[in-house]
Amino acid sequence: MKSIRTRIVFLIVVAIVISSAITIAIGISDVVKLGKSSSEQALKLLCENGVKNLDSYFDSVGQSVDMVASYAEADLEVEGLENIDRHMRRVNIFFGKIARQTNGVTTYYYRIDPSVSEDVKGFWYIESNGNGFVEHEVTDISLYDTNDTSQLVWYTVPKASRKAVWLPPYITDNLDRRVVSYNIPVFYHDDFVGVIGIEIDYATMAQQVDNVKLYENGYAFLNDKDGNIIYHPYIDVLSLPEDEMPQTPEELKGHEQYIFYNFDGVEKEVYRMPLENGMILNVAVPVSEINGTWKSLIVRTTLVSAGLIIIFVLIAWLSANRITKPLAELAKAAERVGEGDYDVELEYNGRDEVGVLTNSFKILIEKVKTYINELSTLNRNLQDDNLTLEAATIRDSLTGVKNRFALRRDYEKYYEKDVHLMMLDIDDFKNVNDTYGHSVGDFLLKKVGDALIDNFGTEYSYRYGGDEFIVIYPDISEEEFISLLNGMEEQVKEIYLNERKLPVYFSAGYVYGKTSLQDDLRLMLRNADKLLYKAKGNGKNEFIGEEYNREIAEAIPKRQEEAFRQG
């Protein structure tokens, strides 16, 4: 170097580049980590929300069919098979009411086995293009071998399995419609009577799946446990011949949730979760789109930083003629900035070249500090967004209490604590829905949720499913817990609808003790469930509690069915 100007410019450039590079490198590293974490979390939360919505829809259909099947079997107990014709008329009326309240129903039917009655065959109603349901001639089952589950699957499969089944999508032979069906066999004294079922519109299910979308080219699709595609927004799985169906990537045939795979030359990231009916929801997004957000931010940041460096290099070159003492101060300041300390003070404010350079360096420091603050703000905003998304997934939208997802997540916080664990449900809730309608039932659930929150708090209250709730309250005495429970009972008794007091009661079973082992909470839940069942068996509107005993809880069999919860 032959001149002071060259030396000064070189030193300033090095200082600026080093400090900017350190700042940019730190910022880029944080943006990359945060961008990937945020994208993966968004993908996961979107899939969980999609599974929740699909399960909710399929559950609503399943509950409708369950309700009709329970009604039919109860009616058979009263009428017997000798009055099958009168039985069929009553089920027909009841089923019609239920079907009209169930979204997406294409057909509903009750088909009697020919061995039970040759005259009473059942009924079959189809949705008439938005004009309501019209009766259709039933399928002549006598033309089929009902022991062959490869034909007439809506009838033969539930008959052979003797349990409710969801069937994969198919095109109905008689109506040429795309449907998914849920079917339940009906028995009288353990003898097969017939099949009750609902076929839902394939398009309704597809719409639910299409609503799950992330980024511009992301999409969701369904497949079964063997990897066979059930619904895909870009593949017509019901009309393509089997030999023309695209091969499912091997990665989708395993049990992993986060998967990277290549489809049609595009690398994709997918998060997948099983539905309650055995289907698997996949949310896929091109990797390029996931990385695109943070990459574009890095590119813009790098270009702006490079532009600022170039500008200030020119300023330094033009202002390097009159450098004396202020130059030494400026060099020291540059060294501090290079070490990451941006709180430097430059006192020189002359109007010569050195003064301009000093002032420009101050501006650079402020811009770098502003940039760092903007990165910090972006980081906080992304963290807030993640917390908002998480909050949306742990709260039951109807009652305001936490949901089962939150319950699983909170298990760890109750470990090695003295807790009261209570399971409760509303007495005769089915009668409320049947008598007043589901809107009043939802109103009642909301009021019960309010009572739980008012007495036990949002932190310890969960909706377990339907009209069933759970409270897990740590570090509370038996006397205090009973006081809270009595307070809730009094609040529930004072529920009014349109100035009319509703007769609302609930039953509860609870246990108290310390969760010393990892599975104690699960066993306490089983114990409380048994006590709830006992309370309802004693006539309902009763609370039964006892101290937790692990040996007794382990001996309690797992409950295999949910029938008693309807009361």
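**Cores, sheet and salt bridges**

Reply: The largest nonpolar core has 66 residues, and those with the most contacts inside it are Tyr110, Ile196, Met205, Leu222, Tyr261 and Leu281. A nonpolar core here is a set of buried Ala, Val, Leu, Ile, Met, Phe, Trp, Tyr and Cys residues joined through side-chain atoms within 4.5 Å. Buried means under 20% relative accessible area, exposed over 50%, partly exposed in between (1.4 Å probe, protein chains only). This is a predicted model: local features need pLDDT of at least 70, side-chain atom pairs count only at pLDDT 80 or more, and totals for chains, interfaces and linings use all residues. Residues are numbered from 1 along each chain as its sequence is written, and side-chain values use heavy atoms, with hydrogens and water left out.

Me: How many residues does the second, separate core have?

Reply: Met422, Ile426, Val432 and Phe469 are among its members. The size of this second core is 27 residues.

Me: Which strands stand at the edges of the five-stranded open sheet?

Reply: Two strands pair if DSSP finds at least two bridges between them. The order is β8-β7-β11-β10-β9, with antiparallel pairing. An edge strand has a single partner, so one side of it is left without a neighbour in the sheet. The edge strands are β8 (229–231) and β9 (258–263).

Me: Over how many bridges do β9 and β10 pair?

Reply: Strand β10 covers residues 266–274, and its pairing with β9 is antiparallel. Phe263 stands opposite Val266 in β10. The β9 and β10 bridges number six.

Me: What angle does helix α4 make with β8?

Reply: Helix α4 (residues 202–210) packs on the sheet. It touches β7 (219–223), β8 and β11 (280–286), where contact means heavy atoms within 4.5 Å. Axes are lines fitted to C-alpha atoms, for helices over the stretch in contact, and angles run from 0 to 180 degrees between N-to-C directions. The angle between α4 and β8 is about 95°.

Me: How many salt bridges does the count come to?

Reply: A salt bridge is a side-chain nitrogen of Lys or Arg within 4 Å of a carboxyl oxygen of Asp or Glu. By this rule, the count is 24.

Me: How far apart are the closest N and O atoms of Arg89 and Asp85?

Reply: Both residues lie in helix α2 (residues 84–100), four residues apart, about one turn of the helix. Arg89 is partly exposed at 47%, and Asp85 is partly exposed at 41%. The closest N and O atoms of their salt bridge are apart by 2.7 Å.

Me: Why does the Arg162 and Asp190 pair tie together separate parts of the sequence?

Reply: Their side chains meet in a salt bridge (3.0 Å, N to O). Arg162 lies in the loop between α3 (153–161) and β4 (165–171), and Asp190 in the loop between β5 (178–188) and β6 (191–201), so the parts tied together are 28 residues apart in sequence.

Me: Are Asp427 and Lys536 buried or exposed?

Reply: Their salt bridge (3.0 Å, N to O) links Asp427, in the loop between β12 (418–426) and α9 (429–436), to Lys536 in helix α12 (residues 520–537), 109 residues apart. Relative accessibility is 8% for Asp427 and 9% for Lys536. Asp427 counts as buried, and Lys536 is likewise buried.

Terms used
Helix = DSSP H or I, 4+ residues; strand = E, 2+ residues; numbered from the N terminus.
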